[in-house]
Structures are given as structure tokens and as C-alpha cells.
Amino acid sequence: MTPSGTTSGTAPGRAPSAPDGSAPWAAAWELLLPAARAPARARGRTLREALREAVRSGRLAAGTRLPSSRELAADLGVSRGLVTEAYEQLTAEGYLRADRGAGTWVSGAVRAAHPRAHDLAPRPSPAAHAGFLPGAPDLSLFPRAAWAAAHRAVLAELPHHSLGYPDPRGLPRLRVALAGLLARRRGVVADPERIVVVSGVAQAITLLGGVLHARGVRAVGVEDPGSPEHGGLYASLGISAVPLPLDEDGLAVGPLDASRVRAVVTTPAHQFPSGIAYSARRRAELLHWARSVDGLVIEDDYDGDFRYDRAPVGALQGLDPERVAYTGSVSKSLAPGLRLGWLLVPEAFAEEVAERKRTMDLGHPVLDQALLARFVERGDYDRHLRRCQRAYRERRDTLVAALAEHFPGTEVSGIAAGLHVIARLPDRYGPRDRFLEQAADRVAVRPLGAYGTVADEAVRLVLGYAHLSPSRIREGVRALAAVTRA
Ligand SMILES: Cc1ncc(COP(=O)(O)O)c(C=O)c1O
């Protein structure tokens with residue numbers, strides 16, 4: 001890996017777990033996940049039961065080779081000893097068979113008593129499980145136990161009166177907790193009075209867009225390539241999104257100047273989707289532009305928490321909180337289904353944004369807010385981020401190694417942060433459209449061109465990896481490589 005966050009090369013990755021390039025146990029892996037999350041005392045037993053059931057039901061067919069105990073333990077996040085014990089026990093019972101040196105296999109001795117509904121349904125190909133579509137965290141890492149404990153505690157401690165309509169900006173307790181968190185982790189200038197709790201970045205952009213529209217703004221700049229959400233949200237407000245090109249430092253200043261827009265939405269910490277971090281020079285230029293046109297920069301810090309090789313790049317908002325509206329959410333850190341996020345507004349927008357939030361939904365759900373406040377206050381949020389960070393770094397490294405092994409010469413960029421990378425395959429894998437057409441049957445992948453203007457015909461893939469276990473990542477890249485052999 002080079003310091004610029006780009007890597008290329010031919011270093012081989014780890015040996016594939018199945019010699020024929022497929023990994024038939026991958027579908028059954030899903031069945032084992034709940035067992036892996038069982039309380040520590042019961043984990044060994046539930047893992048053995050889940051494995052037994054997977055064999056009995058036919059989800060793990062006779063003759064299937066299982067992953068090594070080390071590999072499965074890593075995927076499930078359990079100790080290797082537990083997996084070894086389960087393999088040994090089921091081998092003794094006749095469900096599995098171990099060939100010394102050649103691995104562990106599902107034995108042919110077991111017959112399902114009667115077919116279950118899922119046995120009759122067509123089984124998806126292994127590759128169908130290895131979708132690399134970007135944007136999703138690993139939802140199986142959601143900290144259910146800590147969240148449930150916080151829920152119980154919050155219900156017990158909240159006084160009756162706090163169940164009334166909340167301050168439209170959010171519970172003071174949560175705004176204080178978020179101010180501390182964001183100042184510490186992201187370097188923002190965080191005044192709890194300027195924070196509005198929202199249902200996500202999408203609502204933050206909608207609220208700001210509403211204020212801008214009321215002030216007569218009819219065009220807002222968006223990054224090209226960029227998040228399709230940004231343009232869609234503005235369109236729904238009657239504001240046109242003006243695509244603005246990027247260069248290697250971030251949003252290109254010349255076209256921004258020429259566009260005559262006075263508001264622009266950006267992703268400076270980890271540009272979506274290209275993965276670049278805006279340079280210090282470009283950050284300064286962007287702020288200079290905002291001051292010179294009396295404009296506004298909207299900073300979408302959608303995945304700023306995940307940074308692998310060096311300290312996170314601080315938020316742009318920290319450099320000029322009166323020119324930058326900063327927004328983020330728990331969608332990448334905890335789960336998008338929680339619909340919880342935050343918006344830090346410049347003083348000139350604070351009152352109007354709060355009033356719009358009030359008329360939009362009379363405030364954010366109180367229980368959810370109190371829960372997140374407690375989660376942050378007690379360090380559970382940081383703990384969870386550390387856990388995800390470790391898992392995602394390993395997955396990123398796995399993806400980079402697998403690409404080097406199966407697509408030698410591929411240039412991988414945007415690897416320093418976030419939940420996805422950009423892989424630019426060598427020209428011999430093109431042309432782009434043919435590659436994508438063939439890949440569509442095997443693995444879900446999205447080209448960079450799906451997010452905006454891309455000049456050439458090279459195959460550039462936006463590969464989300466955080467939601468996939470290392471073995472699924474290897475399996476997915478092998479399946480993609482099969483496309484090129486087909
Ligand atoms: C760049 C970017 N910003 C914002 C969002 C939406 O975020 P939220 O769930 O916080 O509304 C997404 C969704 O994937 C995204 O990719």
C-alpha cells in the first residue's frame with residue numbers, strides 16, 4: 001500500500017477454502033451466526049446444535065467441505081477452540097468426517113427425515129451471497145445486548161413528563177452527548193444549542209434545503225460522481241442539483257466558481273464514491289469560496305468514523321462553523337434502520353432549521369434519543385466503533401489481497417477509510433459494459449459510472465466490503481474472476 005492510499009500488485013492472498021472456486025458452506029454460515037451471538041456459557045452448545053441442524057436439514061449437503069476452524073472462527077467472531085470442539089463432536093456423531101490434512105467434510109451418512117420448505121426452494125448460487133454493493137455496515141455486529149440494556153435502563157429512568165413532545169432540536173441530554181462525541185472524534189466545533197437531532201443525513205439535507213428554498217435558492221452544487229441521494233433530495237424540494245466535477249484534491253474549484261451556485265453538498269472526509277479525502281489546500285479553497293459568495297457548504301460526514309491507516313481527517317466544519325453545516329448519522333456506525341442522525345447548523349440557519357424540524361414531525365422520538373444519549377455517555381458507542389473498525393480493517397485487507405491475487409495489476413484506491421474501495425481493473429478485463437453484463441449473473445457489483453460522469457471505458461468498481469465476512473469476500477472475488485475466464 002502506498003501512503004496515498006492506493007495499492008496495486010500481484011501479491012497472492014490466502015489459499016481459497018474450496019478448490020473448485022465455490023464455497024457451498026457460505027449459505028449455511030448465516031445459520032451459524034445467531035449461535036455465535038449466544039451468551040458465552042451457551043455458545044459452544046448452540047454452535048454444535050446449529051451445525052447439526054444445518055447438516056440434517058440439507059443446508060450443508062453431503063460432500064461439502066467446511067472452512068478451516070481458524071477461518072470459520074474468524075468469520076463468526078468466536079474462539080477457534082469452540083469451532084474445533086464442534087467439528088470434533090459432530091465428527092464423533094457421524095455428521096462430519098475429517099480427512100487428516102484434507103479438511104473437514106459433511107458426511108454422507110445423514111439423511112434429512114423430511115424435506116423442509118427451504119430445501120425445496122431453489123438455492124441461490126454461492127456468489128449471490130457475495131454482493132459488493134456499497135453503503136452497508138455489518139448489521140450482524142449490531143450491539144443488541146448493550147442496546148437492550150440501555151433500552152431497559154432508559155425506560156426505568158425517564159420521568160413521565162419527558163414522554164411529552166420533545167424540543168424539536170432534540171433532547172438536551174443527547175445534544176450534549178453528541179457535542180462531546182463529535183468534538184472528540186471528528187474535531188467539529190459543537191455547541192449543543194446548534195445541534196438538531198434528525199432521522200439521518202437525508203433529513204438534515206431536506207431541512208437545510210427547505211430553508212435554502214425559502215430564501216430563494218433554486219440550484220445547489222453536488223459532487224460528480226457523488227451520492228445519488230443528494231440530487232434526489234434536492235429535486236424533491238424543487239431545487240436543481242448542479243453536478244460539479246472532482247479532481248485529485250476534491251471538488252474542483254474552477255467549475256464551482258463558474259457554476260454560480262451558492263450552496264454545495266460535499267463529502268470531504270471520504271468522498272462518496274471515489275474515496276478520496278479532500279486535501280488541506282482544497283478545504284481552505286472551498287471555505288474561501290463560501291466566504292466570497294456568502295455561501296454554504298453542507299458537509300455530509302456519512303462514514304467519517306472509519307479510518308484505518310492513520311488518524312481520522314477532522315471535519316471541515318471545525319475550520320469554519322459559520323460557513324459549514326455538518327451532518328452525520330448512525331447509519332454506517334450502528335444501523336441505518338435506527339434512523340438517527342445529527343445536524344450542526346451555522347447560527348444564521350439555526351432557528352429556521354429548528355422550526356422546520358418542528359413542523360415536519362414535532363420532534364424526534366424521545367426514547368430513541370435517550371437511548372443513544374446513554375449509549376454515547378457510557379462509552380458503548382466508542383466500544384462498538386472500535387469493534388467494527390477492527391473487523392472492517394481485516395475485511396478491507398482481505399479484499400485488497402484477493403483482488404491482487406485474482407486480478408493482478410488492479411489499482412485499488414480509497415482504501416484508507418470507510419466501508420468501500422474503488423478497484424480499477426487493468427484494461428485486459430474490459431470493455432466495461434461486457435464485464436458488467438457478465439458479472440451481473442454472478443456477483444452484485446456497481447461501476448463507478450453509476451454515480452456520475454466517468455471519462456473512460458475502464459472497469460472501475462465501487463466495492464462495498466464491510467458487510468461481508470473475509471471468506472465471503474474471497475468467495476465473491478473468486479466468482480468475479482470466473483467472469484473473466486468465462
Ligand atoms: C454519501 C451518503 N450520504 C448520506 C446517506 C444517507 O444517510 P442517512 O441514512 O443518514 O439518511 C447515504 C446512504 O447510503 C450516503 O451514501
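**Reading the sheet and a charged patch**

Modeller: In this predicted model, eight strands make an open sheet of mixed pairing, in the order β3-β10-β9-β8-β7-β4-β5-β6. Its edge strands are β3 and β6 (250–251), each pairing on one side only. Strands are DSSP runs of E, at least two residues, and helices are runs of H or I, at least four, both numbered from the N terminus. Two strands pair if DSSP finds at least two bridges between them.

Colleague: In what sense do β3 and β10 pair, and over how many bridges?

Modeller: Strand β3 and strand β10 (residues 341–344) are antiparallel, with four bridges. Val196 faces Leu343 of β10 there. By contrast, strand β7 (residues 263–266) runs parallel to strand β8 (residues 296–300), also over four bridges; Ala263 has Leu296 in β8 as its bridge partner.

Colleague: Which residues lie on each side of β3?

Modeller: In a regular strand, side chains alternate between the two faces of the sheet. In β3 (residues 195–198), Ile195 and Val197 are on one side, Val196 and Val198 on the other, and all are buried. Buried means under 20% relative accessible area, exposed over 50%, partly exposed in between (1.4 Å probe, protein chains only).

Colleague: Which residues gather in the patch of positive charge?

Modeller: A patch takes residues with over 30% relative accessible area and no salt bridge, like charges being joined within 9 Å. A salt bridge puts a side-chain nitrogen of Lys or Arg within 4 Å of a carboxyl oxygen of Asp or Glu. Here the members are Arg37, Arg386, Arg387 and Arg390. Arg386, in helix α14 (residues 380–406), is partly exposed at 46%.

Notes
Residues numbered from 1 in each chain as written. Predicted model: local features only at pLDDT ≥ 70, side-chain atom pairs only at ≥ 80, totals over all residues. Heavy atoms only, no water. Patch = residues over 30% accessible without salt bridge, like charges linked within 9 Å, V, L, I, M, F, W, Y side chains within 5 Å. Areas by Shrake-Rupley, 256 points an atom, 1.4 Å probe, with all protein chains shown as cover. Lys, Arg positive; Asp, Glu negative; His and termini not counted. Charge placed at Lys NZ, Arg CZ, Asp CG, Glu CD.
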